[in-house]
Amino acid sequence: MKKLFRNLLPLVLIGCIPFSNLFYWKLNNTQRGIYNISTSLDRFLPLIKIFIIPYMSLWFFLAFCFVYLCFKNKKVYYETMITLCLCYVVAFITYYFFQTTVPRPMVTGNDVFTKLILFTYHSDEPFNCFPSIHVITSYLAVKGINSTTARKTVKIPVNVIGFLIIISTEFVKQHVIMDILFALLICNVIYYTVIFVEQQYVVYSLKKTYAVNKQNIEE
């Protein structure tokens, strides 16, 4: 029972994802002014309704990836979750000082994809875009899984679905290209910084242990 509890306790960190919504909704407005950073390419790329499926699958995707990571490799799990929390901090600070918006197209039709897109539009204001939280979370989930010894039967579907979620942010017109690129940038910078700090801490601990052992031997 105690072993099961120890294995489940780290899953509490996943709670930082829904908890972050408190800050997300607080900042999801135009009170501080807004910027439009869409490019001609964003305006050229069409709305592709079917991409609402991978877009809305994010939370199921994250649940699988992070729970799998927690049981597969605790070290990678902690590295990924620390990176995720730090990315959230960067994202929310950016939203506060540089709030952006995404122009949404007119969506018509009575099919299920149209209804899902309209539901998404009505439940989420077109702000808090740069960087994309969708991209941050899905990319880190993929990066975490790829850092483990998971089988190809796990890695391949995770990579495909993660990629579809990332590009879906563009094709359902929830984000623009700059939102995606900035999200990928901060994920990689913070992730490898976390890895570097961890490695330096290990080296420092080994040197300290060596120094103490050497002193004890000399005494």
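**Exercise 1.** Work out how helix H9 (residues 133–146) and helix H10 (residues 152–171) pack: at what angle, and how far apart are their axes? Keep in mind that this is a predicted model.

*Solution.* Start with the geometry: H9 and H10 pack at an angle of about 165°, and their axes are 9 Å apart. Next, check the cut-off: angles over 145 degrees count as roughly antiparallel. H9 and H10 are therefore roughly antiparallel to each other. As for handedness, H9 and H10 cross in a left-handed way. Now look at who touches whom. H9 brings His134, Val135, Ser138, Tyr139, Val142, Ile145 and Asn146, while H10 answers with Val154, Lys155, Val158, Asn159, Gly162, Ile165, Ile166 and Thr169. Finally, sort the residues of this H9–H10 contact: eight are nonpolar, six polar and one charged.

**Exercise 2.** Now take helix H6 (residues 58–72) and helix H7 (residues 74–97): at what angle do their axes cross? Then classify the pair and sort its contact residues.

*Solution.* The axes of H6 and H7 cross at roughly 140° and come within 6 Å. Because of that angle, H6 is oblique to H7. The handedness is quick to state: H6 passes H7 in a left-handed crossing. For the contact itself, H6 supplies Phe66, Leu69, Cys70, Phe71 and Lys72, and H7 supplies Lys74, Val76, Tyr77, Thr80, Met81 and Leu84. Sorting the residues where H6 meets H7 gives eight nonpolar, one polar and two charged.

Key:
Residues numbered from 1 in each chain as written. Predicted model: local features only at pLDDT ≥ 70, side-chain atom pairs only at ≥ 80, totals over all residues. Heavy atoms only, no water. Axes fitted to C-alpha atoms, helices over the stretch in contact; angles between N-to-C directions. Helix = DSSP H or I, 4+ residues; strand = E, 2+ residues; numbered from the N terminus. Parallel < 35°, antiparallel > 145°, perpendicular 65-115°, else oblique. Left-handed = near helix turned anticlockwise from the far one by under 90°. Contact = heavy atoms within 4.5 Å. Nonpolar A, V, L, I, M, F, W, Y, C, P; charged D, E, K, R; others polar.
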